[in-house]
Amino acid sequence: MRIGAIVTRIMQQMIRDKRTLGLLFFAPLLVLSLMYFVFNSNEPDMTLVVSNGPASIIEKLEDSDFRVIPKNDFSIASLKDEKYDGWLAFQQTQLKLTILNDDPSTAKALKMKLSQVLQPEQSAMMKLTTEYVYGDDNTAIFDIFSPMLTGFFVFFFVFLITGIALLKERTSGTLERLLATPIKRSEIVAGYMIGYGLFAFIQTTIIVLFGVYVLDIVHVGSIWLVLLINMVVALVSLSLGALLSSFAASEFQMMQFIPLVIVPQIFFSGIFPLDNMVEWLQNIGRIMPLYYAADALNGVMYKGYTFSEILADLAILACFALVFITLNIVSLKKYRSL
């Protein structure tokens, strides 16, 4: 009887807690569905620009599933802008292959397949030389992921710590006491953003410097830009964590947001190539803050981008933060109308 009473009480609590029931039954289906669509994305065709290539060679390349783009007037700058996989230039006594190498696995597959197609030409004294726009022949796939991981860990830990800390402020009555004073709602939000932001700033700096200088994560561009990007990411995470904490009644409920808010963003942070996904899935990725954070970090740390080249990503991240901060101010209306 006593065991039955405990079981009955737990079942009644679970039934009343709609959010927990949603997490229990809906969240796994959401994550599983995302994984299904991501891992079942179509394999991309390798795009190869060919300059001054004989028609017979172009035909062989197309038969080997290359998407060949004949262009005689071409440059490395064009390769970077158009984001083609490689550029094969036929010169007098040699073949010059330039690989973009923004995805090392694709670069290695392209080089291997191209060597097989061009084997007769190479044996006829046409030497194949290879150079890389980004990285080199030893570039590993982790060199692409590692810049994104710094942004993810900043986002995750700032979100988690800030959300739980602000939840304690509300459940302990501190927020209600503040709202009982003449202070404006915008001032309360600004105070929380700055106060917790200082600790987020220190945490972000430690994560970035540890990753770059201790773990030796690849960084071609400016370390100051890496810090700037991650600071903006921390601001977005800080404002989002503060916003979602207003919808949680306990720390457990705050943790429930992780599979719904954090996990889906992993799939769109560049770990899996977004260009290979179906269009509707790509559109979902473009409303995720980590998509823009990963793009900026990968650009600076792996490709050596400058400030002007990541300005668009920073602007979009700043807009996310502004929207979340505004919603934070609005959410306080349920406590006070002033």
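Ser245 counts as buried because its relative accessibility is 4%; buried means under 20% relative accessible area, exposed over 50%, and partly exposed in between (1.4 Å probe, protein chains only). The model is predicted: local features need pLDDT of at least 70, side-chain atom pairs count only at pLDDT 80 or more, and totals for chains, interfaces and linings use all residues. Residues are numbered from 1 along each chain as its sequence is written, and side-chain values use heavy atoms, leaving out hydrogens and water.

**Confidence**
- The protein has a mean pLDDT of 78, and 85% of its residues reach 70 or more. pLDDT is the predictor's confidence in each residue, from 0 to 100.
- Confidence is lowest in helix H7 (residues 119-123), with a mean of 56. It is highest in helix H16 (residues 307-331), at 89.
- Helices (H or I, at least four residues) and strands (E, at least two) are DSSP runs, numbered from the N terminus.

**Transmembrane annotation**
- An unreviewed UniProt entry places the feature "transmembrane region" at residues 21-39, 144-167, 188-215, 221-245, 257-274 and 310-330. UniProt positions follow the numbering used here, feature names are shortened, and annotations may be inferred rather than shown by experiment.
- Residues 221-245 are 92% helix and 0% strand. Their end C-alpha atoms lie 36 Å apart.
- Residues 310-330 are 100% helix and 0% strand. Here the end C-alpha atoms are 31 Å apart.

- Ser245 sits in helix H11 (residues 223-245).
- Leaving aside residues up to four places away in sequence, Ser245 touches Gly163, Leu166, Leu167, Arg170 and Met254. Contact means heavy atoms within 4.5 Å.
- Ile329 belongs to helix H16. Its relative accessible area is 23%, so Ile329 is partly exposed.
- Ile329 and Ile188 are 141 residues apart along the chain, yet their C-alpha atoms are separated by 8.4 Å.

**Helix H4**
- Ile57, Ile58 and Leu61 are buried in helix H4 (residues 55-63).
- Seen down the axis of H4, the buried residues fall within an arc of 100 degrees, so they line one face of the helix. The arc is that of the directions from the helix axis to the C-beta atoms.
- The face turned away from the buried side of H4 carries the exposed residues Ala55 and Asp63.

**Positive phi**
- Just after H4, Asp65 takes a positive phi of about 70 degrees.
- Lys83 also has a positive phi, near 60 degrees, and is not a glycine.
- Lys83 lies in the loop between helix H5 (76-82) and strand S3 (86-90). Lys83 counts as exposed because its relative accessibility is 51%.
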